[in-house]
Amino acid sequence: MPTTAATAPLTTSTTTPTTPLAPPVRGLHHFAWRCRDSEETRQFYEDLLGLPLAHVIKSDHVPSTGEYCPYVHIFFQMRDGSYIAFFDLGDDIAALPSPNTPSWVNHIALRVDSVADLLAAKARLEGAGIEVLGVTDHHIIESIYFFDPNGIRVELTTPTVPQAEMDAHALRARADLDAWTVRKAQLRAAKGVANG
């Protein structure tokens, strides 16, 4: 298989000859949030979005810390084998939004296969009374946005350009980020904010 920007090994400017290479990250296993109610969340993700409930963990103690906190941890599987997961702590409380971040920033984006699938999902969500923003054209993808019952912003998106165009973007991604870093310093200076 030819090496492209998408398949080439990742390197960073922080590696030195004595720094061991990072082990390869193969993909997302799961991303977890708190939910207000596991059944309400199941209805949204399984019944409405079509992600099957694939695994449930129930415990009275947190495995990583040992603390007492009865919970259920539920996993919904996507077609690529990754999961969206939620913790129901049994208290009917949803996670609070971040007080210093606009509501459009923190979100999860899930990929569908086509614009037709995106439009079908939009119609299905709106038919269930969910407010949907978009279709929004991002020039490389098209997306719709909505909130789940827990206040989590969800994006459904589909690629709209050939892989070659994405490979070209990847080749200049570092230069684009470096340019943003310079501009950010200028913006901070204009506001009188010290760097650091």
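Me: Where do Glu-46 and Arg-42 sit, and how many residues apart are they?
Reply: Both are in helix H1, 4 residues apart, which is about one turn of the helix. Helices here are DSSP runs of H or I with at least four residues, strands are E runs of at least two, and both are numbered from the N terminus. An α-helix has 3.6 residues a turn, so residues three or four places apart point the same way.

Me: What kind of model is this, and how are the residues numbered?
Reply: The model is predicted, so local features need pLDDT of at least 70 and side-chain atom pairs count only at pLDDT 80 or more, while totals for chains, interfaces and linings use all residues. Numbering runs from 1 along each chain as its sequence is written, and side-chain values use heavy atoms, with hydrogens and water left out.

Me: OK, back to that pair. What do the side chains of Glu-46 and Arg-42 meet in?
Reply: A salt bridge, 2.8 Å from N to O. That term means a side-chain nitrogen of Lys or Arg within 4 Å of a carboxyl oxygen of Asp or Glu.

Me: Is Arg-42 buried or exposed?
Reply: Arg-42 counts as buried because its relative accessible area is 17%. The cut-offs are under 20% for buried, over 50% for exposed and partly exposed in between, with a 1.4 Å probe and protein chains only. Glu-46, at 26%, is partly exposed. Salt bridges with shared partners join Glu-39, Arg-42, Glu-46 and Asp-47 into one network.

Me: Which other residues of H1 are buried?
Reply: Besides Arg-42, the buried residues of H1 (residues 38–48) are Ser-38, Thr-41, Phe-44, Tyr-45 and Leu-48.

Me: And which residue caps the N-terminal end of H1?
Reply: Asp-37 does, with a side-chain oxygen 3.2 Å from the backbone nitrogen of Glu-39. After H1 comes Gly-50, with a positive phi near 80°.

Me: Switching to Asp-148. Where does Asp-148 lie?
Reply: In the loop between strand S7 (141–147) and strand S8 (153–159). Asp-148 is buried yet has no salt bridge, and Arg-36, the nearest side chain of opposite charge, is 7.8 Å away. For charge, Lys and Arg count as positive, Asp and Glu as negative, and His and the chain ends are not counted.

Me: Which side chain does the side chain of Asp-148 make a polar contact with?
Reply: That of Tyr-45, at 2.9 Å. A polar contact is a pair of N or O atoms within 3.5 Å; within protein, one must be able to donate a hydrogen and the other to accept it, and residues adjacent in sequence count only if both atoms are side-chain atoms. Leaving aside neighbours within four places in sequence, Asp-148 is in contact (heavy atoms within 4.5 Å) with Phe-44, Tyr-45, Phe-86 and Val-154.

Me: What does Arg-36 pair with, then?
Reply: Its side chain meets that of Glu-40 in a salt bridge of 2.8 Å, N to O.

Me: How many salt bridges does the structure hold?
Reply: There are 9. One of them joins the side chains of Arg-34 and Asp-91 (2.5 Å, N to O). That pair links distant parts of the chain, 57 residues apart: Arg-34 is in strand S1 (residues 30–35) and Asp-91 in the loop between strand S4 (83–88) and strand S5 (107–111).

Me: Last one: what's the overall layout of secondary structure?
Reply: The protein chain has 4 helices and 8 strands, in the order β-α-β-β-β-β-α-β-β-β-α-α along the sequence. Of its 196 residues, 23% count as buried.
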